[in-house]
Amino acid sequence: MAAGARFVDDLEAAVEAWKRLGWPAPGAMLVSGSGLAVDFEEGPPSVPLGELLPFHVHAVEGHPHAVELLFADGERPVLYQKGRLHSYQGYDAHQTVLAVRLGARLGARTLVMTNAAGGLRATQQPGDLVLIRDHLNLTGLNPLRGEPPADWGPRFPDMVNAYDRVLRELARREAGALGLELSEAVYAGLAGPSYETPAEVAMLQTLGADLAGMSTVLEVIAARHLGMRCLCMSLVSNLAAGVTDEPLDHADVLAAGRAAASKVRQLLAALLAAPELTSTC
């Protein structure tokens with residue numbers, strides 16, 4: 001099957017699966033990262049992510065891989081993907097971003113994401129919340145490789161404002177109202193699943209990265225290609241190798257997510273309730 005046909009067939013299969021749920025079209029989409037699948041007010045019962053995607057969804061600790069429908073302000077639907085897919089699980093770039101493409105195809109014009117990331121600067125502390133202002137795609141992958149349909153977006157999409165400035169200002173405003181501090185950083189996306197060596201961390205610092213993780217960049221590329229505005233927030237779950245002498249462990253990442261769950265939930269709830277999230281698309 002040609003790449004272009006596969007892009008279309010997989011997406012249309014996901015759309016048909018969504019229609020069977022009978023849920024309304026979302027205006028925005030939220031994707032949670034490792035240990036950050038916080039709970040909100042109950043809407044329709046959640047469904048497994050695998051019910052929407054035309055391939056097997058592999059389990060990974062800290063990612064429930066469920067889909068929920070939230071209602072911001074009690075009326076604006078938000079598609080909530082609790083737990084994301086990663087290329088290190090064996091997915092290709094197209095599969096990794098298919099749920100985001102589904103959100104866009106259903107009508108979501110804004111993508112809000114969280115992730116857990118390793119801090120590359122000694123000034124950072126585990127538990128810090130950081131807005132991503134730009135990224136380095138060092139995964140070796142790109143979801144636009146092949147022949148995505150021309151009507152999805154330009155063949156060579158601009159990425160200057162990949163992380164929307166207006167949405168970042170909104171996030172800082174809502175965080176300030178909650179007494180939370182949000183700094184900004186450059187995120188280095190790597191393939192994983194091994195953590196970085198001290199030499200790799202030194203390289204990333206030299207390249208200008210402040211955070212390192214194994215997600216997000218492919219989703220943002222796909223979302224921007226489809227015209228979505230993106231807002232991404234990292235939880236510093238640990239300091240990277242060489243910044244500290246402590247060994248790195250995925251259990252620590254999940255623990256950091258649990259410890260920060262309350263403030264992450266508060267901030268996300270405020271963001272999803274803000275009319276600007278969808279009204280300025």
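Analyst: Buried means under 20% relative accessible area, exposed over 50%, and partly exposed in between (1.4 Å probe, protein chains only). This is a predicted model, in which local features need pLDDT of at least 70 and side-chain atom pairs count only at pLDDT 80 or more, while totals for chains, interfaces and linings use all residues. Residues are numbered from 1 along each chain as its sequence is written, and side-chain values use heavy atoms, with hydrogens and water left out.

User: Is Thr216 buried or exposed?

Analyst: Thr216 counts as buried, because its relative accessibility is 1%.

User: What is the phi of Thr216, and where is Thr216 found?

Analyst: Most residues other than glycine have a negative phi. Thr216 has a positive phi of about 75° and is not a glycine. Thr216 is in the loop between strand 8 (211-213) and helix 6. Helices (H or I, at least four residues) and strands (E, at least two) are DSSP runs, numbered from the N terminus.

User: Which other residue has a positive phi although it is not a glycine?

Analyst: His65, with phi about 55°. Its loop runs between strand 2 (47-48) and strand 3 (66-72). His65 also counts as buried, because its relative accessibility is 7%.

User: Where is there a cis peptide bond?

Analyst: Most peptide bonds are trans. Here a cis bond joins Gly192 and Pro193, with omega about 5°. Pro193 sits in the loop between strand 7 (182-189) and helix 5 (198-207).

User: How many cavities does a search of the whole structure find?

Analyst: Rolling a water-sized probe over the atoms shows where empty space is left. A cavity is a set of points, on a 1 Å grid over the protein atoms alone, where a 1.4 Å probe fits but cannot get out; lining residues have an atom within 4 Å of a point. Points are joined across faces, edges and corners, and a volume is the space filled by probe spheres set on them. The search finds 2 cavities of 30 Å³ or more.

User: What is the volume of the largest cavity, and which residues line it?

Analyst: About 70 Å³. Its lining includes Leu85, Thr96, Thr139, Leu190, Thr216 and Glu219. Helix 6 (residues 217-225) gives the largest share, 3 residues. The lining divides into 5 nonpolar (Ala, Val, Leu, Ile, Met, Phe, Trp, Tyr, Cys, Pro), 1 charged (Asp, Glu, Lys, Arg) and 6 polar (the others, Gly among them).

User: Which residues line the second largest cavity?

Analyst: Gln81, Arg84, Leu85, Thr96, Val97, Ala99, Val100 and Glu219. They divide into 4 nonpolar, 2 polar and 2 charged. This cavity holds about 30 Å³ of space.

Key:
1 Å grid on protein atoms, 1.4 Å probe; cavity = no way out; pocket = protein on both sides within 12 Å on 5 of 7 lines; lining within 4 Å.
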